[in-house]
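Open the structure in your viewer and keep the selection tool at hand. Each stop below says what to select and what is there.

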Amino acid sequence: MMYLVVSTSYKKNMRICHCADLHLDSKMTTHLTDEQAKERKNELLHNFIRLVDYVKTKNISAVIIAGDLFDKKTISVHAKNIVFETIRANPNIKFYYLQGNHDLSNIIESLDVVPENLFTFKDTWTSYIINDNENYKIVLTGIELENQNSADVYSTLFLQPESYNIVTMHGQLSQYGVKDDAEVIDLSKLKNKNIDYLALGHIHQYQDGKLDARGSFCYPGCLEGRGYDETGDHGFVVIDINEKTHLATREFIPFAMRKLYEIPVDVSNCNSTSDIIRNIEAELTNYECKETDLVKFVLTGEADVKAEKDLSLIVKTFNGRFYCVRAKDHSKIAIDYESYNLDTSLKGEFVRLIKQDESIKEDDKREMIRCALQVLNGEEIEL
């Protein structure tokens with residue numbers, strides 16, 4: 001394996017930023033107004049600039065971007081200029097960019113001038129020595145996974161045991177199953193390869209674990225949550241390697257400009273939207289939601305079939321308190337069949353007929369009764 005030497009000034013500690021899945025230039029149209037989508041799209045770009053500013057002020061020498069720097073195969077000129085001009089404007093920081101399944105394969109070739117401090121990987125293992133300590137080399141090795149090379153990547157990886165070895169890849173772990181078009185990484189085949197730190201990308205939540213007796217693996221998660229399936233803290237990881245003691249530590253740095261919350265609200269004791277709003281207020285005391293955050297309320301529990309639930313009013317009530325508010329009704333319908341046994345009205349007759357029909361599933365029975373009661377009460381059916 002050929003090593004490429006990247007000159008850096010010798011320091012007692014080598015500090016490296018590991019980030020991934022920035023998904024810059026994402027449309028951000030889900031759940032947001034057109035104005036908010038445009039704002040959030042620009043915020044993602046600004047977050048990259050903030051990241052580089054953080055790196056610059058924290059004595060960090062290198063940035064590993066473990067895939068999906070961009071979100072799609074077509075990239076706006078504005079986004080491309082922001083990213084590569086920011087890299088070029090910081091020549092003392094070395095950027096190591098491994099392309100992911102969302103990245104444009106020829107993005108580097110499309111640049112008029114490639115920044116001298118930007119280093120990339122190929123479909124074969126590429127290694128860089130990223131420090132200047134001849135007695136203790138820190139080596140970054142990476143490969144861009146694709147169908148053609150996936151069978152050979154493990155047998156062709158050879159690392160020197162006396163070095164501190166960082167390996168970077170983009171894909172999903174085989175033990176969690178295949179969910180999209182990203183390549184699969186088999187951790188079991190990376191054991192006992194002299195890896196100290198496996199810098200991964202693709203999973204959007206922070207995740208780490210032991211690889212073997214020597215090394216560990218880590219997904220830093222995405223830099224900024226984009227949807228309500230990406231709640232919680234988001235940011236990047238800083239690796240701190242002492243070149244004298246050969247000891248290394250790492251720290252997750254929360255960095256998102258906005259947080260996303262999905263808040264379950266039990267509505268079992270609620271008979272009206274006002275009751276639900278009171279429960280939401282009580283539930284919010286358990287969270288630290290800020291006005292800059294995106295919040296989704298999920299109604300849970302079993303509400304009485306006659307309970308009135310107006311999701312649009314819930315959203316309107318809290319809209320001014322948070323950047324974006326959504327509400328979803330995942331509650332089930334509670335029906336006291338006994339209360340309809342002696343009911344001589346059309347409602348009672350309908351409930352009894354549905355109850356006795358064994359061909360209908362219980363959840364479907366409850367939903368049919370709810371809709372029927374809304375019609376009989378002259379209300380608009382909520383589907």
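**Stop 1: R366 and its contacts**

Select R366 together with E302, K332, I333, A334 and I335: R366 touches these residues, leaving out residues up to four places away in sequence. This is a predicted model. R366 sits in helix α6, which covers residues 362-376. Is R366 buried or exposed? Its relative accessibility is 17%, so R366 counts as buried, since the cut-off for buried is under 20%. The C-alpha atoms of R366 and V351 are 9.3 Å apart, and 15 residues separate the two in sequence.

**Stop 2: T168 in strand β8**

Go to T168. Its strand is β8, residues 164-170. T168 has 0% relative accessibility and counts as buried. Which residues does T168 touch, not counting those up to four places away in sequence? Select I64, A66, L98, F121, L140, T141, G142, I143 and A199 to show them.

**Stop 3: helix α2**

Select residues 77-88, which make up helix α2. Check its length first. At 1.5 Å a residue, the 12 residues of α2 should span 16 Å. The C-alpha atoms at its ends are 16 Å apart, so the two values agree.

Next, colour A79, V83, F84, T86 and I87, which are buried in α2. Where do they sit around the helix? They cover an arc of only 155 degrees around the axis, which puts them on the same side of α2. An α-helix has 3.6 residues a turn, so residues three or four places apart point the same way.

What do the buried residues of α2 pack against? Show α1 (34-57), β4 (94-98) and β5 (118-120): these are the packing partners.

**Stop 4: R50 in helix α1**

Stay with α1 and pick R50, which lies in this helix. R50 counts as partly exposed, at 27% relative accessibility. R50 is in contact with both, leaving aside neighbours within four places in sequence. For a distance check, pick T124. From R50 to T124 is 32 Å, C-alpha to C-alpha, and 74 residues in sequence.

**Stop 5: salt bridges**

Side chains of opposite charge can pair when their charged atoms come close. How many salt bridges does a search of the whole structure find? The search finds 16.

Start with D240 and R15. They form a salt bridge, and their closest N and O atoms are 3.3 Å apart. D240 is in strand β14 (residues 235-242) and R15 in strand β2 (residues 13-19), so the pair ties together parts 225 residues apart in sequence. D240 and R15 are both buried.

Move to R226 and D71. Their side chains meet in a salt bridge at 3.1 Å, N to O. R226 lies in the loop between β13 (216-219) and β14, and D71 in the loop between β3 (62-66) and α2, so this pair ties together parts 155 residues apart in sequence. R226 is partly exposed, with a relative accessible area of 23%. D71 counts as buried, at 15% relative accessibility.

Then select R214 and D196. Their closest N and O atoms are 2.8 Å apart, in another salt bridge. R214 lies in the loop between β12 (207-210) and β13, while D196 lies in the loop between β10 (184-185) and β11 (197-201), so the pair ties together parts 18 residues apart in sequence. R214 counts as partly exposed at 31% relative accessibility. D196, at 14%, counts as buried.

**Stop 6: cysteines**

How many disulfides does the structure hold? The number is 0. Select C19 and C17. C19 is in no disulfide, and the nearest cysteine sulfur, that of C17, is 4.7 Å away. A disulfide needs sulfur atoms within 2.5 Å. C19 counts as buried, at 1% relative accessibility.

Finish at C270. It is in no disulfide either, and the nearest cysteine sulfur, that of C289, is 18 Å away. With 2% relative accessibility, C270 counts as buried.

Terms used: Residues numbered from 1 in each chain as written. Predicted model: local features only at pLDDT ≥ 70, side-chain atom pairs only at ≥ 80, totals over all residues. Heavy atoms only, no water. Helix = DSSP H or I, 4+ residues; strand = E, 2+ residues; numbered from the N terminus. Expected span 1.5 Å × (residues − 1). Buried < 20%, exposed > 50% of the residue type's maximum accessible area, 1.4 Å probe, protein only. Arc of directions from axis to C-beta. Contact = heavy atoms within 4.5 Å. Salt bridge = Lys/Arg side-chain N within 4 Å of Asp/Glu carboxyl O.
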